[in-house]
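Me: Please take me through the terms used for this model, and set each value against its definition.

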Amino acid sequence: MLILAEAVHEDHGRRFLVPAQLDTMSPQWIHRRNYTSTAVRVERVGVEQGRPGRMNEAVESYFVCATPRTGSSLLIGLLDSTGVCGRPQSYFRAPDELLWAERWRLGPAPSYADFMRAARAAGSTPNGVFGAKLMWGTLGEVVDKLRTVHRDLAGDDLGLLHRAFGRAGFVYLARRDVVAQAVSWLRAEQTGTWFVGGNGEISGDGGGNGREPVFDAGAIRRLISTIEEHNAAWQAWFAACGIRPHRVFYEDLERDVVAVTRGVVEFLGITVPDQGPPIVARHQRQADEINKRWIKQYRVLSERFS
């Protein structure tokens, strides 16, 4: 059973099938970058949506779909280490496009078609598999720009991605403990350090800004709300497109990086050579005693004022 909600774009209507019960919330509207989502009509419909939990044939591309601080950098580094799962990065964040264009020597004002071709070349391994990471807001940016390249597919998000990247698979990465996720997100924003280690990222490292992190219960609460909204939006989009992504939780990834990575590779249908390179992490764990203290402090305050 699903909830059917109507979301309205500035130029055209769009309908999202929203799961009746989500892990974190069941919103009356879904927020998406550049979209004004309105609870015009909500109804229950008995429709079986989705595609098989395992790809019927090997993918040509895949996207790790996530919200911040779910271990997405860790996972894409692990997938990269296989040597056959592309070279996934956050290629499509609007603030980083000029940096990628400079790295790829595309000139001062490349077309989006040229940018996409360069991204696919940079993000692919010799077997032709392309990988990339997408946050919820980035998805809207990508499909909006792809509409200018493939105008015949305007309004068809999945069709646009298939046209640009070939047969695509989707991995959905989330975190069970959203308080811990929000604390990690707040620290990253305050300090400017989004990861330690890395594997060719274009931004987010470099030792941060030197600022000391400061506990802020209000900011944590706001980030929890954002996480819940974006998780709900991802699930609504998957349902609307008939996608059943391979689901990964950060807590499981942290516990056994090799097993979880192998599960993703198996889902994507990618063949790993018997004598292939070992699956190794390219990023270091950042959580420490400060995270634990803030998590405990926030939960105590939440219970006190609930």
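**Terms and values**

Reply: Arg105 lies in the loop between helix H2 (97-103) and helix H3 (112-122); helices (H or I, at least four residues) and strands (E, at least two) are DSSP runs, numbered from the N terminus. The model is predicted: local features need pLDDT of at least 70 and side-chain atom pairs pLDDT 80 or more, whereas totals for chains, interfaces and linings use all residues. Residues are numbered from 1 along each chain as its sequence is written, and side-chain values use heavy atoms, leaving out hydrogens and water.

Me: Why is Arg105 called exposed?

Reply: The relative accessible area of Arg105 is 77%. Exposed means over 50%, buried under 20%, and partly exposed in between (1.4 Å probe, protein chains only). Arg105 is therefore exposed.

Me: Is Arg69 buried or exposed, and how do you know?

Reply: Arg69 has a relative accessibility of 14% and so counts as buried. Arg69 is found in the loop between strand S4 (61-66) and helix H1 (72-81). Its phi is near 70°, a positive value in a residue other than glycine. Arg105, also not a glycine, has a positive phi of about 55°. Most residues other than glycine have a negative phi.

Me: What makes S5 largely enclosed?

Reply: In S5, 6 of the 6 residues are buried, so the strand is largely enclosed by the rest of the structure. Phe130, Ala132 and Leu134 point one way, while Gly131, Lys133 and Met135 point the other way.

Me: What makes S6 covered on both faces?

Reply: On one side Ala168, Phe170, Tyr172 and Ala174 are buried, and on the other Gly169, Val171 and Leu173 are buried.

Me: Why is a set of residues called a nonpolar core?

Reply: The term denotes buried Ala, Val, Leu, Ile, Met, Phe, Trp, Tyr and Cys residues joined through side-chain atoms within 4.5 Å. The largest such core has 36 residues, and those with the most contacts inside it are Phe63, Phe92, Leu161, Phe170, Trp234 and Trp237. A second, separate core of 23 residues includes Val129, Val171, Phe267 and Leu268.

Me: Which residues of H3 and H4 are in contact?

Reply: Contact means heavy atoms within 4.5 Å. Tyr112, Ala113 and Met116 in H3 meet Val142, Lys145, Leu146 and Val149 in H4. By class, this contact has 6 nonpolar, no polar and 1 charged residues; Ala, Val, Leu, Ile, Met, Phe, Trp, Tyr, Cys and Pro count as nonpolar, Asp, Glu, Lys and Arg as charged, and the others, Gly among them, as polar.

Me: Why is Thr191 called buried?

Reply: Thr191 counts as buried because its relative accessibility is 14%, and the limit for the term is under 20%. Thr191 is found in helix H6 (residues 178-191).
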